[in-house]
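Below are some notes for a colleague who is meeting this structure for the first time. Please read them with the structure open.

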Amino acid sequence: MSRVYLYILLMAAVTYLIRMLPLTLIRKEIKSTFVKSFLHYVPYATLAAMTFPAILSATDHIYSSVAGFAMALILAFNKKSLLTVAGISCFTAFIVELFFL
Amino acid sequence: MKKGTFRDFLLGCQSAIPICLGYIAVSFAFGIESSKIGMTPFQAAMTSLLNVTSAGQFSALEVIARNGSFVELAILQFIINLRYMLMSTALSQKLGADVNTLHRMGISYGVTDEIFAVSIFKKGPLYPLFSYGLIITSVFGWVLGTILGSVAGQILPQIFISSLGLAIYGMFIAIIIPETRVSKAIAAVVISSMAMSCVFTYAPYLKMISAGFRIIIVTVVVAAVAAIVAPVREEKA
């Protein structure tokens, strides 16, 4: 019972330190072009790596995942808002599961 | 020191609405899973409030369920959440040099994939009050979804839970894809990351690497290569 709380506090401490140390310790502007460029590309690389292929198993069926993924790509390519892309992507998967699976 | 105004706070809250909705969907699933291993709604909510990390929390459930060692849990969290270190480093450059340690410690609490993405892509300077609005609204959704999932998860039809699983990815796609039309380098980064992530997910031996480590390796390799091949010259705002 109390062990569960120890688990929760331990993981919270580890996760917080990972987030806090760079933000508090790095104060100066980074001058290196390499480091600046590296950091410029990090979010795109991370989010892309997290999205694919994980998105294929985001729903219970690969077909509804693929349909939602395709819809999200089309909408995002046409610069629709975050909520539109996420919402219609879910709705597409829902329709596919409702009528085709 | 400029920490922003109440307007920035409200703007932060508004920018977090899609994150909040996406989080309700994802943490709902977390709530259901946590109740399956016998965690109470309070314990599940506390986990979400103190950690705010989807992959980290889901992976922790497995360790908690089998009474795994504390060392194992700590290492697992460190590896899976190491990407936040890259994000915090990037954020440290976006924040004004005059933002003090206390505000930096506050903002650190909410460095997640989604909050980071909205923060780093925000036009103009990033004020602490904007970040707080963003964080409070997002974490509200994260904790609310956890409680709902933990308490009432079993009564919602599976088809809803299934399709809601796409919400978070839809959001990622909405963030990265528009930029690929503007920059060939970013398009190349996105495509190579997805391809490399695929190889690490399915190839023999490589697939034994955990999801957290996979993301770290792909990010470091792809972003480093991109930085060498296509260095960013102009001053970023």
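1. Among contacts in chain B between residues at least 6 apart in sequence, 79% join residues that are at least 24 apart, a contact being a pair of residues whose C-beta atoms, placed from the backbone, lie within 7 Å. For chain A the corresponding share, again among contacts between residues at least 6 apart, is 43%.

2. A word on the source: this is a predicted model, in which local features need pLDDT of at least 70 and side-chain atom pairs count only at pLDDT 80 or more, while totals for chains, interfaces and linings use all residues. Residues are numbered from 1 along each chain as its sequence is written, and chains are lettered from A and ligands numbered from 1 in the order in which they are written.

3. Chain B contains 13 helices and zero strands, where helices (H or I, at least four residues) and strands (E, at least two) are DSSP runs numbered from the N terminus. Its radius of gyration is 19 Å, close to the 18 Å that the globule rule gives for 237 residues, so chain B is as compact as a globular protein of that length; the radius is taken over C-alpha atoms, and the rule is 2.2 Å times the number of residues to the power 0.38. The C-alpha trace of chain B spans about 55 × 50 × 35 Å along its principal axes.

4. Chain A has four helices and zero strands. With a radius of gyration of 20 Å, well over the 13 Å that the globule rule gives for 101 residues, chain A is more spread out than a compact globule. Its C-alpha trace spans about 55 × 50 × 20 Å along the principal axes.

5. Buried residues make up 49% of the 237 residues in chain B, and they make up 49% of the 101 residues in chain A. A residue is called buried if 20 or more other C-beta atoms lie within 10 Å of its own, exposed if 12 or fewer do, and partly exposed in between, with C-beta atoms placed from the backbone.

6. Where do the two chains touch? In chain B, 81 residues are in contact with 63 residues of chain A, and the largest share of this side of chain B, 12 residues, comes from helix H11 (residues 167–182). By class, the chain B side divides into 53 nonpolar, 23 polar and five charged residues; Ala, Val, Leu, Ile, Met, Phe, Trp, Tyr, Cys and Pro count as nonpolar, Asp, Glu, Lys and Arg as charged, and the others, Gly among them, as polar.

7. Within chain B, helix H8 (residues 113–120) packs against H9(B) at an angle of about 155 degrees, with their axes 11 Å apart, the axes being lines fitted to C-alpha atoms over the stretch in contact and the angles running from 0 to 180 degrees between N-to-C directions. That makes H8(B) roughly antiparallel to H9(B), a label for angles over 145 degrees. The contact involves, among others, B:Ile115 and B:Val118 of H8(B) and B:Leu134 and B:Ile135 of H9(B), and by class it has four nonpolar, three polar and one charged residues.

8. B:Leu148 lies in helix H9 (residues 128–152) of chain B. B:Leu148 is partly exposed, with 17 other C-beta atoms within 10 Å. Leaving aside neighbours within four places in sequence, B:Leu148 is in contact with B:Phe28 and B:Gly31. B:Leu148 and B:Ile32, 116 residues apart in sequence, are 8.5 Å apart in space, C-alpha to C-alpha.

Technical notes. Two residues are in contact if their C-beta atoms, placed from the backbone, lie within 7 Å. Angles under 35 degrees count as roughly parallel, over 145 as roughly antiparallel, 65 to 115 as roughly perpendicular and the rest as oblique.
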